[in-house]
Amino acid sequence: MNAAINTFALVLASIFPVVNPPGSALVFLGFTSGATPELRSVLARRVALNSFILLVCSFLLGALILQFYGISIPILRVGGGFIVAVSGWKLLNEGSHKELETPTDGTPGTRLLDQAFYPLTLPLTTGPGSMAVVISIGLSEATISSPADRLIFVVASVVAIAVLAATILLCFNYADRIQRILGQGGTDIAVRLSAFILFCLGLQILWSGGSDLLRSVFVAGHAPAPPTL
């Protein structure tokens with residue numbers, strides 16, 4: 001029981017600051033400022049479900065998929081960090097005045113529903129940073145020898161991800177109340193501040209991956225040459 005609680009606390013504490021549901025809710029609010037409360041509620045449920053599926057798949061299959069395609073975690077961080085930074089920069093310039101796009105067929109909200117996975121789930125809510133964290137946690141499963149302990153580890157980790165998804169749903173579903181409390185001006189400031197943090201987070205992820213790549217190059221360059229016979 002103690003092992004399950006410790007694993008649950010460790011996984012949740014590792015992922016929560018990266019995902020940051022309260023801060024992501026302001027970014028979500030900026031992207032859905034033209035949506036009705038009903039549409040925003042549907043989007044919140046979809047983003048929460050998508051986040052849960054994405055993180056669970058990353059936890060269970062992430063290492064295998066990366067190995068299959070020959071993608072290293074530093075490369076994942078570089079590519080994902082670039083996407084996060086670009087998304088943050090775009091939102092930073094638009095603020096909370098992004099209007100709801102209406103497709104040519106006149107069906108309101110269809111275009112926004114199509115964006116539930118990209119970019120609202122990936123990379124704005126659960127991006128490469130959180131994926132890299134859960135992949136790293138999943139890799140630690142190989143160090144557990146007992147099958148029972150492995151089962152406890154997996155179940156506790158999935159429960160922690162489910163709690164995080166529920167927190168995302170709660171924060172996103174009531175994001176419009178933040179707008180009513182802060183007002184239009186305060187919401188715009190909060191959205192731009194969150195967008196700036198998102199932009200900096202993307203740069204941080206990009207720098208982290210780039211530093212690992214440069215370090216591997218320098219280490220390989222300074223490695224002693226094999227002896228010649």
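Reader: Are α1 and α7 parallel, perpendicular or oblique to each other?

Author: Please note at the outset that this is a predicted model. Two packed helices are described by the angle between their axes and by the distance between those axes. Here the axes of α1 (residues 2-19) and α7 (residues 147-173) cross at roughly 40° and come within 8 Å. The two helices are therefore oblique to each other. The crossing of α1 past α7 is right-handed.

Reader: Which residues in α1 and α7 meet?

Author: From α1, the residues involved include Ala 3, Thr 7, Phe 8, Val 11 and Phe 16. Among their counterparts in α7 are Ile 152, Phe 153, Ala 156, Ser 157 and Leu 164. Sorted by class, the contact of α1 with α7 has 17 nonpolar and 3 polar residues, and no charged residues.

Reader: How many salt bridges does the count come to?

Author: The count comes to 1 salt bridge. In this salt bridge the side chains of Arg 215 and Asp 212 meet, at 2.8 Å from N to O. Both residues belong to helix α8 (residues 175-221), where they lie 3 residues apart, about one turn of the helix. Arg 215 counts as partly exposed because its relative accessibility is 47%. Asp 212 has a relative accessibility of 24%, so Asp 212 also counts as partly exposed.

Reader: Is Ala 85 buried or exposed?

Author: A residue is called buried when its relative accessible area is under 20%. Ala 85 has a relative accessible area of 6% and is therefore buried. Its place is in helix α4 (residues 73-94).

Reader: With which residues is Ala 85 in contact, leaving aside its neighbours within four places in sequence?

Author: Ala 85 is then in contact with Phe 199, Gly 202 and Leu 203. Ala 85 and Phe 199 are 114 residues apart in sequence, while their C-alpha atoms are 4.3 Å apart in space.

Technical notes:
Residues numbered from 1 in each chain as written. Predicted model: local features only at pLDDT ≥ 70, side-chain atom pairs only at ≥ 80, totals over all residues. Heavy atoms only, no water. Axes fitted to C-alpha atoms, helices over the stretch in contact; angles between N-to-C directions. Helix = DSSP H or I, 4+ residues; strand = E, 2+ residues; numbered from the N terminus. Parallel < 35°, antiparallel > 145°, perpendicular 65-115°, else oblique. Left-handed = near helix turned anticlockwise from the far one by under 90°. Contact = heavy atoms within 4.5 Å. Nonpolar A, V, L, I, M, F, W, Y, C, P; charged D, E, K, R; others polar. Salt bridge = Lys/Arg side-chain N within 4 Å of Asp/Glu carboxyl O. Buried < 20%, exposed > 50% of the residue type's maximum accessible area, 1.4 Å probe, protein only.
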